[in-house]
Amino acid sequence: MTASTDALALVAVAAQAASDKLAEDIVAFDVSEQLVITDVFLVCSAANDRQVVAIVDAIEEQARVQLGVKPVRREGDRDARWVLLDFVDVVVHVQHVEERVYYSLERIWRDCPVIKLADTVTSGAGTAPTAAQDSR
């Protein structure tokens, strides 16, 4: 089983919204073979707490505007170090850079297929993908 078409559409919108807010190291994993509760994890990071919130707000807004969907759950707002948006088929993790390194979600899900994102999805301020993304 692979990620649904709806999940892939949402990932594309969320990744672009994150990129537009200069999120770093944007990566999507197809976890549908490993988990029954969701199809995709989208993970990205930000340099500071305010940027984490800006990225999360942009993802939520674009998902609503472009696809008419809202997350069923939003967690981590208070500290803004790791905010999770649960759209059921897609779970978005927006992490502060320090949390991203510490929890290393990529290590946990490294056996799952990486979903190719649009060429317009960049990592940071219009830069090329990082070495970590190239190795996936």
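Which residue stands opposite Leu 84 in strand 4? Glu 75 takes that position. The structure is a predicted model, in which local features need pLDDT of at least 70 and side-chain atom pairs count only at pLDDT 80 or more, while totals for chains, interfaces and linings use all residues. Residues are numbered from 1 along each chain as its sequence is written, and side-chain values use heavy atoms, with hydrogens and water left out.

Strand 3 and strand 4 run antiparallel and are joined by 3 bridges. Pairing requires that DSSP find at least two bridges between two strands. Strands are DSSP runs of E with at least two residues; helices are runs of H or I with at least four; both are numbered from the N terminus. The hairpin of strand 3 and strand 4 has 6 residues between the strands. Within this hairpin, Gly 76 takes a positive phi near 95°.

Strand 4 also runs antiparallel to strand 5, with 5 bridges joining the two. Here Leu 85 stands opposite Val 92 in strand 5. The hairpin of strand 4 and strand 5 has 3 residues between the strands. Val 88, in the turn, has a positive phi of about 75°. Of the 5 residues of strand 4, 4 are buried, so this strand is largely enclosed by the rest of the structure. Buried denotes under 20% relative accessible area, exposed over 50%, and partly exposed the range in between (1.4 Å probe, protein chains only).

Helix 2 spans residues 49-67 and has 19 residues. From first C-alpha to last it reaches 27 Å, close to the 27 Å expected at 1.5 Å a residue. The expected span is 1.5 Å times one less than the number of residues. Gln 51, Val 52, Ile 55, Val 56, Ala 58, Ile 59 and Ala 63 are buried in helix 2. Seen down the helix axis, the buried residues fall within an arc of 160°, so they line one face of helix 2. The arc is that of the directions from the helix axis to the C-beta atoms. The face turned away from the buried side carries the exposed residues Arg 50 and Val 65. The buried residues of helix 2 pack against helix 1 (5-20) and strands 2 (40-46), 3 (73-75), 4 (82-86) and 5 (90-96), contact meaning heavy atoms within 4.5 Å.

Asn 48 caps the N-terminal end of helix 2. A side-chain oxygen of Asn 48 lies 3.2 Å from the backbone nitrogen of Arg 50. Gly 68 follows helix 2, with a positive phi near 70°.

Conventions:
A polar contact is a pair of N or O atoms within 3.5 Å; within protein, one must be able to donate a hydrogen and the other to accept it, and residues adjacent in sequence count only if both atoms are side-chain atoms.
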